Amino acid sequence: MTTELEPSRYSFNNDDPESVGRHSHLSGILDEFTFARLGSLGDLTGKRCLEVGAGGGSVARRLAELTGPTGDVLATDLNVRHIPPDAGFRVHQHDLVTEPVPDGPWDLIHARLVLLHIPQREAVLARLAAALAPGGALFIEDWATEFGNLCLAAPDDETAELIEQYRDTLVNTVLPGRGNDPTWAARVHRTMLANGLVDVDTEISAGSWPGGSPGAVLLAVNVAQLRDEFIAAGFTEGHIERLYAAVQDPRLVVRSHFTYSTIGRHA
């Protein structure tokens with residue numbers, strides 16, 4: 001007897017008006033590090049690349065540049081509304097949990113801030129690894145969010161406490177209720193090894209986000225997209241309004257989450 005899998009539900013809905021800003025902020029925060037890691041993979045000219053959970057498409061666009069006219073880049077997402085339709089790569093609506101990995105084999109599969117939101121993450125990673133061509137690379141980037149002390153500087157103690165309350169509410173209550181695992185990023189390396197990948201390498205990046213920067217403003221976007229859950233968890237309207245103001249204040253500086261960037265290869 002088989003049981004049908006329920007369709008995936010990503011923590012942040014692409015149909016929400018706030019999602020436009022979210023994708024823009026994430027691109028501004030993460031693309032530089034992602035692109036540098038792509039550069040470590042060698043010449044991608046003519047390669048077949050799969051970008052899963054493509055979001056706004058910035059990484060797929062970079063892959064199209066790197067693979068050139070002889071390459072093939074396919075960008076997939078549960079909801080493809082934010083992916084440009086004519087950016088030099090193919091686009092396909094796809095559910096990583098309930099549907100097979102798009103036909104490969106692939107020379108590179110990349111997923112950023114995707115698997116930490118999917119309860120079936122280990123099974124999905126195994127299927128992605130199996131879809132690689134010999135010598136192909138699986139490139140997974142996720143945030144480790146379990147660490148506290150996000151606030152590096154603030155105009156007052158109350159604002160610093162508000163930022164920590166935000167993190168605690170998001171990481172320990174709101175996102176776990178949607179299937180998110182804040183500890184997953186640190187397990188990607190060993191999970192790749194368990195699936196037979198070789199030359200597994202992890203780099204970890206973090207930085208600081210002053211008020212008004214994409215990273216700081218992302219805090220407010222997160223609350224806007226998950227407002228009902230925050231309120232149900234005890235965040236008041238007053239907390240929300242204070243947070244919206246705080247993330248625009250240059251006197252506030254918050255630490256980024258730790259980005260674990262892990263690459264493993266098919267033998």
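How are α6 and α8 oriented to each other, roughly parallel or roughly antiparallel? I will come to that after a few words on the model.

This is a predicted model, in which local features need pLDDT of at least 70 and side-chain atom pairs count only at pLDDT 80 or more, while totals for chains, interfaces and linings use all residues. Residues are numbered from 1 along each chain as its sequence is written, and side-chain values use heavy atoms, with hydrogens and water left out.

First, the overall picture. The protein chain has eight helices and ten strands. Helices (H or I, at least four residues) and strands (E, at least two) are DSSP runs, numbered from the N terminus. The C-alpha trace spans about 55 × 45 × 35 Å along its principal axes. For 267 residues, a compact globule would have a radius of gyration near 18 Å, and the 19 Å of the protein chain agrees with that. That radius is taken over C-alpha atoms, and the globule rule is 2.2 Å times the number of residues to the power 0.38. Of the 267 residues, 49% count as buried. Buried means under 20% relative accessible area, exposed means over 50%, and partly exposed is in between, with a 1.4 Å probe and protein chains only. Taking contacts between residues at least 6 apart in sequence, 77% join residues at least 24 apart; contact means heavy atoms within 4.5 Å.

Now the helices. Two packed helices are described by the angle between their axes and the distance between the axes. Axes are lines fitted to C-alpha atoms, for helices over the stretch in contact, and angles run from 0 to 180 degrees between N-to-C directions. Helix α6, residues 214-225, packs against helix α8, residues 237-246, at an angle of about 150 degrees, with the axes 8 Å apart. To answer the opening question, α6 and α8 are therefore roughly antiparallel to each other. The classes are these: under 35 degrees is roughly parallel, over 145 roughly antiparallel, 65 to 115 roughly perpendicular, and the rest oblique.

The crossing of α6 and α8 is left-handed, a term used if the near helix is turned anticlockwise from the far one by less than a right angle, with right-handed used if clockwise. On the α6 side the residues are Leu-219, Ala-220, Val-223 and Ala-224, and they meet Ile-240, Leu-243 and Tyr-244 in α8. By class, the residues of this contact are seven nonpolar, no polar and no charged. Here Ala, Val, Leu, Ile, Met, Phe, Trp, Tyr, Cys and Pro count as nonpolar, Asp, Glu, Lys and Arg as charged, and the others, Gly among them, as polar.

What about α4, residues 157-174? Its axis comes within 10 Å of that of α8, and the two cross at roughly 110 degrees. That makes α4 roughly perpendicular to α8. From α4 the contact uses Glu-158, Thr-159, Leu-162, Ile-163, Gln-165 and Tyr-166, and from α8 it uses His-239, Arg-242, Leu-243 and Ala-246. This contact divides into five nonpolar, three polar and two charged residues.

Helix α4 also packs with α6, at an angle of about 45 degrees and with axes 12 Å apart. That makes α4 oblique to α6. Ile-163, Tyr-166 and Leu-170 in α4 meet Leu-219, Asn-222 and Val-223 in α6.

Next, two buried residues. Leu-108 lies in strand β4, residues 106-112, and is buried, with a relative accessible area of 1%. Its contacts, leaving aside neighbours within four places in sequence, include Leu-38, Leu-63 and Phe-139. Arg-37, in helix α1, residues 19-39, counts as buried at 3% relative accessibility. With the neighbours within four places again left aside, the contacts of Arg-37 include Phe-139, Asp-201, Glu-203 and Ile-263.

Last, the backbone. Most residues other than glycine have a negative phi, and most peptide bonds are trans. A cis peptide bond joins Gly-104 and Pro-105, with omega about 0 degrees. Pro-105 is in the loop between β3 (90-93) and β4. Asn-149 has a positive phi, near 60 degrees, and sits in the loop between β5 (132-144) and β6 (151-153). Asp-199 has a positive phi near 50 degrees and lies in strand β7, residues 198-205.
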